Amino acid sequence: MPRRVCPRCLEALHTPVWRDAVGRPQPPPVARRTRWQRFLDPLLGDAPPAPTPRAAAGAAAANVSPTCPNGHRLPPAFLDRPAAVVGLVGLTGASKSTYLTVLIDLLHEGALAPLGISVEMDEDSAARFDEHRYRLMVERRQLPLTPPLLGAGSSPEPFVLVLRGPGRSGTERAINLVFFDASGEQLYRSEDMGQYGKFLYATSSVLVLLSPGVFPRLRHLADPGEEGMGLSRHTQMVVNLATLLRSARNLHPDSHLEGVSTAVVLSKADKVRDVEGFPAEVLRDADLASMPLAACFEDVRRTSSRLVDFLEVNGGSNLLTAVLNRLPQPTVHAVSATGADARDGGYPRIAPVGCLEPLLVLLARHGFLTDEGLDPEESTARGEWSR
């Protein structure tokens with residue numbers, strides 16, 4: 001059974017604690033039974049005792065809501081669905097917040113509709129997301145840097161989405177998708193990762209964002225402020241990330257890591273379109289309406305390999321070695337969240353390219369989508385999630 005965690009504090013969840021409007025624990029609300037249920041109860045074996053009318057009425061009147069043991073309110077039916085925790089990792093300037101804002105906007109605009117998948121967002125997440133979306137997508141202004149966390153042992157506020165789609169035998173499958181976007185200043189040193197990246201202890205998927213300007217032969221493409229972040233700093237970030245992912249699960253630093261997958265994103269890839277040797281076909285959007293997922297994932301394998309070759313030629317050998325040997329199940333993707341450089345704090349246009357592909361891979365690794373074509377060398381594929 002997939003592990004459930006609170007999307008706020010990431011504590012393990014088994015059953016929710018029901019609380020009233022002022023936070024006092026209350027009995028869970030119990031629906032009154034119909035007369036047909038009373039007839040069916042004897043046929044169902046040993047059933048729990050039915051609540052008294054007084055208890056049912058009292059619970060319903062309390063206006064209670066489910067929370068985790070620490071008092072954080074859970075989204076409706078959160079425990080009824082498995083959760084995929086996705087952590088964004090990258091140093092300051094990697095465009096994590098910009099990429100995540102564009103990705104969530106694409107999901108809401110129906111990017112997964114050709115696969116029969118609908119997307120909803122938790123009410124609290126939607127209120128915070130609207131501020132990001134309006135600034136970036138409507139006003140086309142740059143997003144501010146993600147503020148550092150002040151309390152040790154904490155995590156940033158997540159964005160919680162629900163993905164629903166048709167499963168096998170006509171049933172519906174659904175998953176909670178929980179995104180964490182942390183400050184790049186606190187994702188470099190191992191002690192900072194452990195203190196301020198608590199989401200990494202529970203993550204099932206990691207998105208590692210790298211800007212072209214960090215690679216030695218592409219340094220002329222660096223944005224202001226990126227010049228001081230050399231390749232060694234990013235390589236150390238990857239090494240620390242890999243170590244933390246294993247130590248959080250009580251594994252040896254060199255051991256195989258099950259249950260976690262990685263998508264490495266070359267952000268701002270529009271900057272390298274005209275660089276000699278860049279495989280231009282890797283920066284594109286898959287046509288999910290006409291291309292089967294298996295063919296899409298076969299493309300991912302080919303383009304990922306070509307991107308690795310391109311980045312190694314441009315001085316990224318050490319970094320790519322750390323990525324491929326230390327991170328679990330990595331694929332490499334080219335993404336441009338805006339399609340253009342910012343000028344005077346704003347973008348002339350917002351034209352995202354390639355943003356959906358990394359998420360598709362992570363959803364396939366997690367079992368929500370079929371992973372056919374992604375790992376052809378494996379004799380057994382997990383296949384589509386039947387939940």
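**Reading a fold by its definitions**

Reader: Why does Arg140 count as partly exposed?

Author: Its relative accessibility is 35%. Partly exposed is the class between buried, under 20%, and exposed, over 50%. Arg140 therefore counts as partly exposed. Keep in mind that this is a predicted model.

Reader: Where is Arg140 found?

Author: In the loop between α4 (123-138) and β5 (159-166).

Reader: Why are α3 and α8 called roughly perpendicular?

Author: Take the angle. Helix α3 (residues 96-108) and helix α8 (residues 356-366) pack at about 75°. Roughly perpendicular covers 65 to 115 degrees. The two helices are therefore roughly perpendicular to each other. Their axes are 10 Å apart.

Reader: Which residues make the contact of α3 with α8?

Author: α3 gives Tyr99, Leu103 and Leu107, and α8 gives Leu356, Pro358 and Leu359. By class, that contact has 6 nonpolar residues, no polar and no charged.

Reader: How do you know that α8 is mostly covered?

Author: Count its buried residues. In α8, 10 of the 11 residues are buried. Among them are Glu357, Val361, Leu362 and Arg365. Gly367 follows α8, and its phi is positive, near 95°.

Reader: What makes α6 roughly parallel to α7?

Author: Helix α6 (residues 231-247) and helix α7 (residues 293-326) have axes that cross at roughly 5°. Angles under 35 degrees count as roughly parallel. That is why α6 is called roughly parallel to α7. The axes come within 9 Å.

Reader: How do the residues in the contact of α6 with α7 divide by class?

Author: Into 7 nonpolar, 5 polar and 2 charged residues. From α6 the contact includes His234, Val238 and Arg246, and from α7 it includes Gly315, Leu319 and Arg326.

Reader: How many disulfides are there, and how do you know?

Author: The count comes to 0 disulfides. Cys6 shows how the rule works. The nearest cysteine sulfur to it is that of Cys68, 3.7 Å away. A disulfide needs two cysteine sulfur atoms within 2.5 Å. Cys6 is in no disulfide.

Reader: Is Cys6 buried or exposed?

Author: Buried. Its relative accessible area is 0%, and buried means under 20%. Cys296 is buried too, with a relative accessible area of 2%.

Reader: Why is Ser204 called buried?

Author: Its relative accessible area is 9%. The cut-off for buried is under 20%. Ser204 is therefore buried. It lies in the loop between α5 (190-196) and β7. Leaving out residues up to four places away in sequence, Ser204 touches Ala84, Val85, Gly259, Val260, Ser261 and His366.

Reader: Which residues touch the most other members of the largest nonpolar core?

Author: Leu200, Val208, Phe215, Met237, Leu241 and Val272 do, in a core of 60 residues. Elements that give two or more residues to this core include β3, β6 (172-181), α6 and α7. Apart from it lies another core, of 47 residues, among them Leu163, Ala263, Leu288 and Leu369.

Reader: What does Val272 touch?

Author: Pro212, Leu218, Leu221, Leu266, Phe278 and Phe310, not counting residues up to four places away in sequence.

Reader: How many helices and strands does the protein chain have?

Author: It has 8 helices and 9 strands. Of its 387 residues, 49% count as buried. Among contacts between residues at least 6 apart in sequence, 75% join residues at least 24 apart.

Technical notes. Residues are numbered from 1 along each chain as its sequence is written. This is a predicted model: local features need pLDDT of at least 70, side-chain atom pairs count only at pLDDT 80 or more; totals for chains, interfaces and linings use all residues. Side-chain values use heavy atoms; hydrogens and water are left out. Axes are lines fitted to C-alpha atoms, for helices over the stretch in contact, and angles run from 0 to 180 degrees between N-to-C directions. Helices (H or I, at least four residues) and strands (E, at least two) are DSSP runs, numbered from the N terminus. Angles under 35 degrees count as roughly parallel, over 145 as roughly antiparallel, 65 to 115 as roughly perpendicular and the rest as oblique. Contact means heavy atoms within 4.5 Å. Ala, Val, Leu, Ile, Met, Phe, Trp, Tyr, Cys and Pro count as nonpolar, Asp, Glu, Lys and Arg as charged, and the others, Gly among them, as polar. Buried means under 20% relative accessible area, exposed over 50%, partly exposed in between (1.4 Å probe, protein chains only). A nonpolar core is a set of buried Ala, Val, Leu, Ile, Met, Phe, Trp, Tyr and Cys residues joined through side-chain atoms within 4.5 Å.
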